[in-house]
Amino acid sequence: MIEVQNLKKKFKKKVAVEDMNFYLEDGESVGLLGPNGAGKSTTISMISTLLPPTQGSIKYNGKDVLKNPDELRKDLGVVPQEIALYEELSAYENMQFFGKVYGLSDKTLEDKIQEILELVGLTNRQKEAVENYSGGMKRRINMAVALMHNPKILIMDEPTVGIDPQSRNYILDMVRKLNRKEGLTILYTSHYMEEVEKLCDRVYIMDDGHVIASGTKSELKSILSNEETINIQVEEAKDEFADLLSSQQGINQVMKDDLGYNLIAAKGEQLLGEIFDYARQTEVKILGIHVQTPTLEDVFLHLTGRKLRD
Ligand SMILES: Nc1ncnc2c1ncn2[C@@H]1O[C@H](COP(=O)(O)OP(=O)(O)OP(=O)(O)O)[C@@H](O)[C@H]1O
């Protein structure tokens with residue numbers, strides 16, 4: 001188990017992380033969800049012992065990690081945001097190199113490479129140079145390398161950024177399999193709510209260096225148990241319409257998106273009549289309207305007034 005208390009990181013004048021309290025139990029899959037710059041990478045760099053904290057403690061199985069990092073390092077696989085591979089070498093050669101760095105014997109090494117290549121779905125492409133791989137394939141090999149020494153805990157920093165949907169789904173399925181079937185403990189950072197929703201048992205929502213909410217997915221959504229989201233698609237958005245919606249009692253947030261507006265409104269209020277009235281008054285044509293149960297994105301919106309991907 002990893003326990004983090006009062007963690008803080010200050011870079012010159014910039015406080016990147018502050019008052020961070022956090023735990024990760026064996027076998028759990030936990031998400032750090034937050035927009036760019038929230039402090040997710042800084043947090044996991046500190047937990048991975050790559051960056052010393054300005055303040056705070058990190059314990060692994062009750063022992064101080066800052067004084068004795070080796071025990072945690074041995075059990076930890078870290079998948080960084082940047083691809084950390086030798087581009088001119090093949091996937092096989094990269095895995096062989098990192099396996100040797102970890103001290104695997106020749107026989108174990110060969111079996112391990114083939115086992116992991118199968119897991120990441122690149123057995124057939126193992127001899128090709130990494131520089132010829134697609135972004136998604138590079139990310140899969142980046143993960144493969146982090147698995148070479150049989151880690152108990154896998155920490156991933158936004159492993160699906162900038163890749164095609166197919167590779168993204170492949171990675172998500174892989175992470176889920178590693179957690180559910182192989183029993184790996186997962187710490188997964190992302191600014192994609194759907195990924196965290198799909199993969200993680202518990203979630204820490206971060207913003208501007210702080211954890212602003214944490215709990216199981218249902219605990220977090222219960223923050224909005226008195227609210228619901230109303231999604232309105234319009235032909236053309238108009239500020240007067242948004243202003244009228246904002247002034248309506250029972251409507252707590254009005255967010256514009258590409259297709260129209262997302263409202264967070266008090267549950268049970270009969271607001272549809274008013275919404276149609278305001279549309280008529282401001283000559284906004286409503287193309288569709290639907291009421292949905294809250295998502296983690298709505299929780300973030302409720303807490304910060306912003307969308308995760310602003
Ligand atoms: N080495 C550094 N020196 C100065 N400021 C830094 C450094 N590393 C991070 N920061 C700042 O700390 C804040 C948190 O950054 P961090 O990379 O941890 O966020 P993040 O949530 O991981 O976002 P992203 O997904 O964009 O990496 C940002 O404002 C960033 O500019």
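Helices (H or I, at least four residues) and strands (E, at least two) are DSSP runs, numbered from the N terminus. The protein chain contains eleven helices and 14 strands. This is a predicted model, in which local features need pLDDT of at least 70, side-chain atom pairs count only at pLDDT 80 or more, and totals for chains, interfaces and linings use all residues. Residues are numbered from 1 along each chain as its sequence is written.

**The chain as a whole**

- Taken along the principal axes, the C-alpha atoms of the protein chain fill a box of roughly 75 × 45 × 35 Å.
- A residue is called buried if 20 or more other C-beta atoms lie within 10 Å of its own, exposed if 12 or fewer, and partly exposed in between, with C-beta atoms placed from the backbone. Of the 310 residues of the protein chain, 38% count as buried.
- Two residues are in contact if their C-beta atoms, placed from the backbone, lie within 7 Å. Among the contacts in the protein chain with a separation of 6 or more, 69% are between residues 24 or more positions apart.

- Two strands pair if DSSP finds at least two bridges between them. Six strands form an open sheet with mixed pairing, in the order β6-β7-β8-β3-β9-β10.
- The edge strands, each of which pairs on one side only, are β6 (76-79) and β10 (210-216).
- Angles run from 0 to 180 degrees between N-to-C directions, and axes are lines fitted to C-alpha atoms, for helices over the stretch in contact. From one strand to the next, the twist averages 15 degrees.
- Strands β6 and β7 (residues 153-157) run parallel and are joined by four bridges. Within this pair, L76 stands opposite I153 in β7.
- Helix α5 (residues 135-146) packs on the sheet and touches β6 and β7, with its direction at about 160 degrees to that of β6.
- Helix α6 (residues 165-180) also packs on the sheet, where it touches β3 (29-33), β7 and β8 (185-190). The direction of α6 makes about 150 degrees with that of β8.

**Helix α5 in detail**

- The expected span of a helix is 1.5 Å times one less than its number of residues. The twelve residues of α5 should therefore span 16 Å, and its end C-alpha atoms are 17 Å apart, which agrees.
- Helix α5 is largely enclosed by the rest of the structure, because ten of its twelve residues are buried.
- The buried residues of α5 include M137, I141 and V145.
- The elements against which the buried residues of α5 pack are β6, α3 (91-101), α4 (106-119), β7 and α6.

**An antiparallel group of strands**

- Strand β1 (residues 2-11) runs antiparallel to strand β4 (residues 55-60), and five bridges join them. The bridge partner of K8 in β4 is Q55.
- Strand β4 also pairs with strand β5 (residues 63-64), in the antiparallel sense and over two bridges. Here Y60 stands opposite K63 in β5.
- A hairpin is formed by β4 and β5, with two residues between them. In its turn, N61 has a positive phi of about 50 degrees.

- A residue is near a molecule if its C-beta atom, placed from the backbone, lies within 6 Å of it. The ligand is surrounded by F11, K14, A16, G34, N36, G37, A38, G39, K40, S41, T42 and E158.
- The largest share, three residues, comes from α1.
- Ala, Val, Leu, Ile, Met, Phe, Trp, Tyr, Cys and Pro count as nonpolar, Asp, Glu, Lys and Arg as charged, and the others, Gly among them, as polar. By these classes, the shell has three nonpolar, six polar and three charged residues.

**Individual loop residues**

- G37 lies in the loop between β3 and α1. G37 counts as partly exposed because it has 15 C-beta neighbours inside 10 Å. The C-alpha atoms of G37 and D207 are separated by 7.9 Å, although the two residues are 170 residues apart along the chain.
- Most residues other than glycine have a negative phi. E158, which is not a glycine, has a positive phi of about 45 degrees. E158 is placed in the loop between β7 and α6, and it is buried, with 21 other C-beta atoms within 10 Å.
- K12, another residue other than glycine, has a positive phi near 45 degrees. K12 lies in the loop between β1 and β2 and counts as exposed, with 5 C-beta neighbours inside 10 Å.
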